[in-house]
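Me: I am new to this structure and would like to go through it step by step. Could you take my questions in turn and show how each answer is reached?

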Amino acid sequence: MKKIIIAIDGLSSCGKSTMAKDLAHEIGYIYIDTGAMYRSVALYALREKLFNPDGTIAEEQLKEKLNEIHISFRLNKATGRPDTYLNDECVEQEIRTMKVANCVSTIAALPFVRSMLVAQQQLMGKKKGIVMDGRDIGTIVFPNAELKIFVTASAEVRAQRRFNELQEKGQDASFEEILRNVKERDYLDSNREVSPLRKADDALELDNSMLSIAEQKAWLLEQYEKAASRR
């Protein structure tokens with residue numbers, strides 16, 4: 001079958017990354033987590049103290065430092081999945097904390113950040129054979145992707161999944177705080193001026209609120225096989 005681009009978009013904490021990683025591993029494609037790229041920029045901004053007390057960002061200072069931010073992905077041999085590196089430092093665990101989650105939508109709304117990262121993402125997909133997940137992959141990054149999927153789930157289901165994930169990692173977590181964050185990110189992602197979260201007209205919608213991992217995997221493989229076999 002021909003190599004294609006698979007674009008997976010959707011709401012926060014609906015399992016896009018896990019889904020995309022598993023699919024890429026199953027079909028031998030490269031997986032790219034664009035959310036991790038925005039989280040890495042947010043982590044950099046936190047470390048450099050570029051957030052103002054009111055939660056806004058010192059935009060000019062961040063803009064001046066963009067050329068100091070280098071994001072890459074390297075395969076973790078133990079897990080068989082890629083880890084995120086910020087300036088050659090593995091930050092896979094740190095970018096998944098609530099501290100980063102609470103400010104990543106602010107970073108993702110900045111036009112100059114999106115422009116930089118979208119250009120990098122498009123370069124990564126030139127040879128196809130990739131699975132990329134995020135908020136604007138099927139609408140902005142790869143509008144001509146052969147397979148587009150838009151993932152949804154209820155806010156409560158997504159918050160519970162995120163809560164369980166953090167607990168498994170031994171991190172302190174509050175279900176109420178996570179639910180609040182999920183709803184806030186939905187609003188910010190859907191209402192930002194640049195590249196708002198929306199379902200592409202030709203995307204297939206998947207509500208995985210009540211699906212098992214096996215059911216979801218079977219559905220994804222079916223859609224991939226259909227898309228990759230089209231002439």
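Reply: Contact here means heavy atoms within 4.5 Å. Please also keep in mind that this is a predicted model.

Me: With that in mind, which residues of α9 do the residues of α8 meet?
Reply: Helix α8 covers residues 155–168 and helix α9 covers residues 175–191. On the α8 side the contact is made by A155, E156, R158, A159, Q160, R162, F163 and L166. By class, this contact of α8 with α9 has eight nonpolar, one polar and five charged residues. The partners in α9 are F175, I178, L179, V182, K183 and D186.

Me: How are α8 and α9 described, as parallel or oblique to each other?
Reply: Two packed helices are described by the angle between their axes and the distance between the axes. The axes of α8 and α9 come within 9 Å and cross at roughly 125°, in a crossing that is right-handed. An angle of 65 to 115 degrees would count as roughly perpendicular and one over 145 as roughly antiparallel, and α8 and α9 are therefore oblique.

Me: Which residues of α10 does helix α1 meet?
Reply: The axes of α1 (residues 16–27) and α10 (residues 213–229) come within 11 Å and cross at roughly 55°, and that makes α1 oblique to α10. The crossing of these two helices is right-handed. From α1 the contact involves M19, L23, E26 and I27, and these meet, in α10, Q216, K217, L220, L221 and Y224.

Me: Turning to the strands, is β6 buried or exposed?
Reply: Strand β6 spans residues 130–134, and five of its five residues are buried, so the strand is largely enclosed by the rest of the structure. In a regular strand the side chains alternate between the two faces of the sheet. Here I130, M132 and G134 point one way while V131 and D133 point the other way, and the residues on both sides of β6 are all buried.

Me: In β6, which residue is the bridge partner of Y31?
Reply: Strand β1 (residues 5–10) pairs with β6 in the parallel sense over five bridges, and there D9 has G134 as its bridge partner. Strand β2 (residues 30–33) also runs parallel to β6, joined to it by four bridges. For Y31, the bridge partner in β6 is V131.

Me: Which residue of β8 stands opposite F150?
Reply: Strand β7 (residues 147–152) is mostly covered, with six of its six residues buried, and F150 points the same way from β7 as K148 and T152, whereas L147, I149 and V151 point the other way. Five bridges join β7 to β1, and these strands run parallel, with I149 in β7 as the bridge partner of I8. On pairing with β8 (residues 204–207), β7 again runs in the parallel sense, over four bridges, and the residue of β8 opposite F150 is E205.

Me: In the sheet that contains β3, β4 and β5, which are the edge strands?
Reply: These three strands form an open sheet in the order β3-β4-β5, with antiparallel pairing. Between β3 and β4 (residues 81–86) there are six bridges, and F73 stands opposite T84 in β4. Helix α2 (residues 34–47) lies across β3, β4 and β5, running at about 30° to β4. The strands that pair on one side only, and are the edges, are β3 (71–76) and β5 (89–90).

Methods
Residues are numbered from 1 along each chain as its sequence is written. This is a predicted model: local features need pLDDT of at least 70, side-chain atom pairs count only at pLDDT 80 or more; totals for chains, interfaces and linings use all residues. Side-chain values use heavy atoms; hydrogens and water are left out. Axes are lines fitted to C-alpha atoms, for helices over the stretch in contact, and angles run from 0 to 180 degrees between N-to-C directions. Angles under 35 degrees count as roughly parallel, over 145 as roughly antiparallel, 65 to 115 as roughly perpendicular and the rest as oblique. A crossing is left-handed if the near helix is turned anticlockwise from the far one by less than a right angle, and right-handed if clockwise. Two strands pair if DSSP finds at least two bridges between them. Buried means under 20% relative accessible area, exposed over 50%, partly exposed in between (1.4 Å probe, protein chains only). Ala, Val, Leu, Ile, Met, Phe, Trp, Tyr, Cys and Pro count as nonpolar, Asp, Glu, Lys and Arg as charged, and the others, Gly among them, as polar.
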